Amino acid sequence: MTAVDTVTAATNADGETSMADKGVGDGGQGPAKSRPGSRRRYWRAGWQRGGIEIRHLLRNPKELSGHLINVVVALVVAGYMDDDVPGTHVPMSHLALSGFAAYLLFQIGLVNLPQILVTEREEGALLRLRTTPGGIPAYLIAKSVLVVAMALATLVVLLGAGALLANGPLPHGVDNWLTLLWVSALGLLAVVPLGAAVGAVLPNPREALALIMLPAMGLLVTSGAMFPLTSLPAVVQKIASVFPLKWMAQGVRSALLPDAARAAEPAGSWELPTVALVLAAWAVAGFLLAIPLLRRAARRESGSRLGERHRKANLGAAPAA
Amino acid sequence: MTTTEGAPVPPTADAAPPVIQVSGLRMSYGSTDVLHGVDLDVRRGEVFALLGPNGAGKSTTVEILEGFRQRSAGTVRVLGTDPARGGDAWRGRIGLVLQSWRDHRRWRVAELLTHFATYHEAPRDPAELLALVGLTGQSGKQVDQLSGGQRRRLDVALALVGRPELVFLDEPTTGFDPEARRDFHDLIERLARDEGVTVLLTTHDLVEAERLADRIAMLVNGRIRAHGTPAELARSAAAHAEVRWTAPDGTARREHTADPSRLVWELHREIGGPVADLEVRRPTLEDTYLRMVHQDEVAGTAAGPVTDAFDDGVGSETRAA
C-alpha cells in the first residue's frame with residue numbers, strides 16, 4: 001500500500017503541476033473545471049485502468065505463463081538443493097527461495113515494467129493518454145496498481161507453493177511478517193521509479209529486453225540471492241552492495257530465515273537499518289530521475305514521431321519476413 | 001459550408017471567432033525552414049482540408065496546432081488558446097485521430113471506449129458512439145482483430161467520446177481499400193453535418209479533400225499556395241483553359257486563356273472558317289494541384305505569394321491581344 005500511495009502521490013503531483021503551469025492560458029476560456037471533481041475522475045479512471053490491465057494479464061496465457069515460469073524455475077532450483085547454508089542448519093533452499101522472492105520483485109520493477117512502458121509508448125498508448133485530460137496521472141496510477149498486484153501475486157504464489165510443495169520458508173510471527181511487508185514495499189519503491197525511468201529512455205521493446213536482462217541476471221548471481229554472499233570475492237560483494245537487489249534479498253532473508261542464518265551474512269547480522277537506508281536512497285534517486293524523464297517521454301511523443309518509428313520497425317522487419 | 005439544423009452558422013462566420021487562427025507561422029529545424037509563414041483560418045462547424053504532398057509541412061503544421069511542437073515564430077490560436085500553453089481543459093475540447101495509432105491492442109472495443117469515457121466530465125454514450133461509427137457488431141472484439149478501416153473508425157469514436165469541438169484527422173484513409181475509404185468518408189460527412197464538429201483533415205489525396213472539405217488549403221513546400229472552397233479552386237483552375245489548334249500554315253499552336261470561348265471565336269474570324277484540330281481543355285483541380293507540386297519541386301523555395309499558382313503559366317503563352 002505504501003508503494004501505491006507514494007508512487008501515485010508523487011506522480012499525481014507531477015501531473016497536477018504540469019497541468020497548473022500549462023493551464024494558465026485557459027483561464028478565460030470556458031467554465032473553470034472543478035478541480036476536486038476532475039481529480040476524482042482521474043483516480044477512478046486510473047484504478048479502473050489498473051483493474052482492466054490486471055484482467056488482461058490474467059487472460060493472456062502467454063504472458064501469464066511467462067511470469068509463472070519464473071516461479072517454477074525458482075521452485076525447481078530450490079528443490080534440487082539439499083545441503084545447508086555453510087555454518088548453519090538452515091536449508092540452502094530457504095536461502096535461495098528468499099533470494100528468488102527478492103529477485104522477482106526486482107525483476108517486476110526493472111524488467112517487466114520498463115518493457116510494458118516501452119511497448120505502450122511505441123504503440124501510442126502514452127500519446128493517446130497524453131491527449132486525454134488526466135490521462136497521464138491515470139496511467140501512472142494504473143501502472144502502480146498493476147505492479148503492486150503483480151508483486152503481491154508473485155510473492156503469494158512463490159512462497160505459498162514453496163511452503164506447500166518444497167517445504168519452503170514462511171515468516172514466523174508478526175514481526176517477521178511486518179519485516180517482509182516493509183522490505184517488499186520499500187524494495188518495490190526502490191526499483192519501480194528506476195524501472196519507469198529506464199522505460200522512458202529505452203528505444204524499443206526488443207532492444208529494451210536485451211539491455212535490461214543482462215545486468216539483471218548479473219545482479220541475480222552477484223547479490224547473494226542464490227548462494228551466500230560470503231562465497232563471492234570481496235570486490236564483487238562491494239559492487240553488488242551498491243545495487244538494491246543485495247539489500248532486498250538480505251531484508252527478505254531476515255523475514256524468512258531463522259536468526260541462526262545470520263552467521264552466513266557478511267556482516268554477521270541482517271543490517272536492517274542499512275537495508276532501509278539503501279533502499280530509501282534508491283527510491284529517492286529513482287523518483288528524481290523518473291519524473292523528468294517520464295515527462296520528457298510524454299512531451300516528445302507526437303503522431304509523426306510515432307509514425308516514423310513504425311516505418312522504421314516495418315523496414316527492419318521486412319527483410320526478415 | 002455545412003450547418004446544423006436549428007443552430008445555423010452564418011456562411012461568412014465572421015461573427016464567431018475562428019476555431020483555428022494561424023498567422024505568420026514559421027518553423028525551422030536548425031537552419032532548415034519547414035514552414036515559411038503559414039496563414040490559416042478554420043471556422044466553426046466546417047471541414048477544412050490541409051492538402052499537400054508528403055514533406056510539405058502538413059504534419060509539422062498540425063502538430064503545432066495540436067500542441068505537440070513548439071513553433072519558431074507566428075501567432076497560433078486553437079479554440080482561443082495558444083496550443084503551446086494548452087492545459088487539460090483545452091485538451092478535453094479537442095479530439096485526435098492519428099494514422100499511426102496502434103495502441104490498446106488487447107482491449108475490447110466497447111471496454112476501451114467505455115474506459116476513455118470516464119476521463120471526461122460529460123462523455124457521450126459509448127454504445128451510441130459505436131453505432132455512429134458502425135462498430136456495434138465489433139463491440140466485443142479485441143482491438144487488434146479489427147481491420148484497418150474499423151480500427152480508424154474506433155479511433156474516431158475515441159476522439160469523439162469527450163464531445164470535442166474540434167477534431168484533427170491525420171491522413172485518416174491511408175492504406176484503406178476503396179470500400180473502407182468510402183465508408184470512412186460517409187462517416188466524416190455525417191460527423192460534420194449532424195454533429196456540428198469542426199474538422200481539420202490533412203491528406204495528400206485531392207479527391208478526398210474535394211469530397212469532404214468545405215474549404216481546402218494547399219500546402220506546398222512550407223507555404224499555402226492556394227485556398228478556397230473546392231468550387232472556387234476548381235473555377236480558378238478551370239479559368240486557365242488550354243486551346244490547341246493547327247494554324248493555316250500547318251504549325252501546331254497552343255494558348256492558355258481565361259476566356260476560351262472568345263479566343264475560339266476570334267480564331268474563327270481570323271481564319272474565316274473551321275479551325276483545324278481545335279481542342280479546348282479546361283484543367284481540373286487535380287491538374288493544377290499536380291502542376292503546383294511539380295513546379296515547386298523544380299523551383300524549390302523561390303515560390304511567390306498565395307495566388308501565384310493560378311497565374312503561373314499564363315504569362316508567356318497568353319495570346320497577345
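The exercises below concern a predicted model.

**Exercise 1. Comparing the two chains**

*Solution.* 
Step 1. For chain B the accessible surface is about 14100 Å², with 48% belonging to carbon and sulfur atoms.
Step 2. Among contacts in chain A between residues at least 6 apart in sequence, 78% join residues at least 24 apart. For chain B, residues 24 or more positions apart account for 67% of the contacts with a separation of 6 or more.

**Exercise 2. Reading the sheet of chain B**

State the order of the strands in the six-stranded open sheet of chain B, and identify the strands at its edges.

*Solution.* 
Step 1. The order in chain B is β5-β6-β7-β3-β8-β9, and the pairing is mixed.
Step 2. The edges are formed by β5 (94–97) and β9 (223–228) of chain B; each has a single partner strand, so one side of each is left without a neighbour in the sheet.
Step 3. From one strand to the next, the twist averages 15°.
Step 4. Helix α5 (residues 148–160) of chain B packs on this sheet, where it touches β5 and β6 (166–170) of chain B. The direction of α5 of chain B makes about 170° with that of β5(B).
Step 5. Helix α8 (residues 230–238) of chain B lies across β8 and β9 of chain B and runs at about 105° to β9(B).
Step 6. Two pairings can be examined in detail. Strands β5(B) and β6(B) run parallel and are joined by four bridges; in β6(B), L166(B) is the bridge partner of I94(B). Strands β3 (residues 47–51) and β8 (residues 215–220) of chain B also pair in the parallel sense, over four bridges. Here F48(B) has R215(B) as its bridge partner in β8(B).

**Exercise 3. Side chains on the edge strands**

In β5(B), which residues point one way and which the other way?

*Solution.* 
Step 1. In a regular strand the side chains alternate between the two faces of the sheet.
Step 2. In β5(B), I94(B) and L96(B) point one way, while G95(B) and V97(B) point the other way. All of them are buried.
Step 3. Strand β9 of chain B contains A226(B). With a relative accessible area of 2%, A226(B) is buried, because the cut-off is under 20%.
Step 4. A226(B) and Y289(B) are 63 residues apart in sequence, and their C-alpha atoms are 9.3 Å apart in space.

**Exercise 4. A helix and its aromatic neighbours**

Explain why helix α3 (residues 109–117) of chain B is described as largely enclosed by the rest of the structure.

*Solution.* 
Step 1. The buried residues in α3(B) are V109(B), E111(B), L112(B), L113(B), H115(B), F116(B) and A117(B).
Step 2. Seven of the nine residues of this helix are thus buried, so α3 of chain B is largely enclosed.
Step 3. The structure holds four aromatic pairs over all chains. One of them joins F116(B) and Y119(B), which are stacked at 5.3 Å centre to centre with 25° between the planes. Both F116(B) and Y119(B) are buried.
Step 4. F176(B) and F184(B) form an edge-to-face pair, at 5.9 Å centre to centre and 85° between the planes. Both F176(B) and F184(B) are buried.

**Exercise 5. A loop residue in chain A**

Is T88(A) buried or exposed, and what does T88(A) touch?

*Solution.* 
Step 1. T88(A) lies in the loop between α3 (61–79) and α4 (92–123) of chain A.
Step 2. Its relative accessibility is 10%, so T88(A) counts as buried.
Step 3. The side chain of T88(A) reaches the backbone oxygen of V85(A) at 2.8 Å. A polar atom of that side chain also lies 3.2 Å from the backbone nitrogen of V90(A).
Step 4. Leaving aside residues up to four places away in sequence, T88(A) touches A260(A), A261(A), A263(A) and A264(A).

How values were computed: Residues are numbered from 1 along each chain as its sequence is written. Chains are lettered from A and ligands numbered from 1 in the order in which they are written. This is a predicted model: local features need pLDDT of at least 70, side-chain atom pairs count only at pLDDT 80 or more; totals for chains, interfaces and linings use all residues. Side-chain values use heavy atoms; hydrogens and water are left out. Contact means heavy atoms within 4.5 Å. Accessible areas come from the Shrake-Rupley method with a 1.4 Å probe; for residues, only the protein chains shown count as cover. Buried means under 20% relative accessible area, exposed over 50%, partly exposed in between (1.4 Å probe, protein chains only). Helices (H or I, at least four residues) and strands (E, at least two) are DSSP runs, numbered from the N terminus. Two strands pair if DSSP finds at least two bridges between them. Axes are lines fitted to C-alpha atoms, for helices over the stretch in contact, and angles run from 0 to 180 degrees between N-to-C directions. A polar contact is a pair of N or O atoms within 3.5 Å; within protein, one must be able to donate a hydrogen and the other to accept it, and residues adjacent in sequence count only if both atoms are side-chain atoms. Rings of Phe, Tyr and Trp (its six-membered ring) pair if their centres lie within 6.5 Å; planes under 30 degrees apart count as stacked, over 60 as edge-to-face and the rest as tilted.
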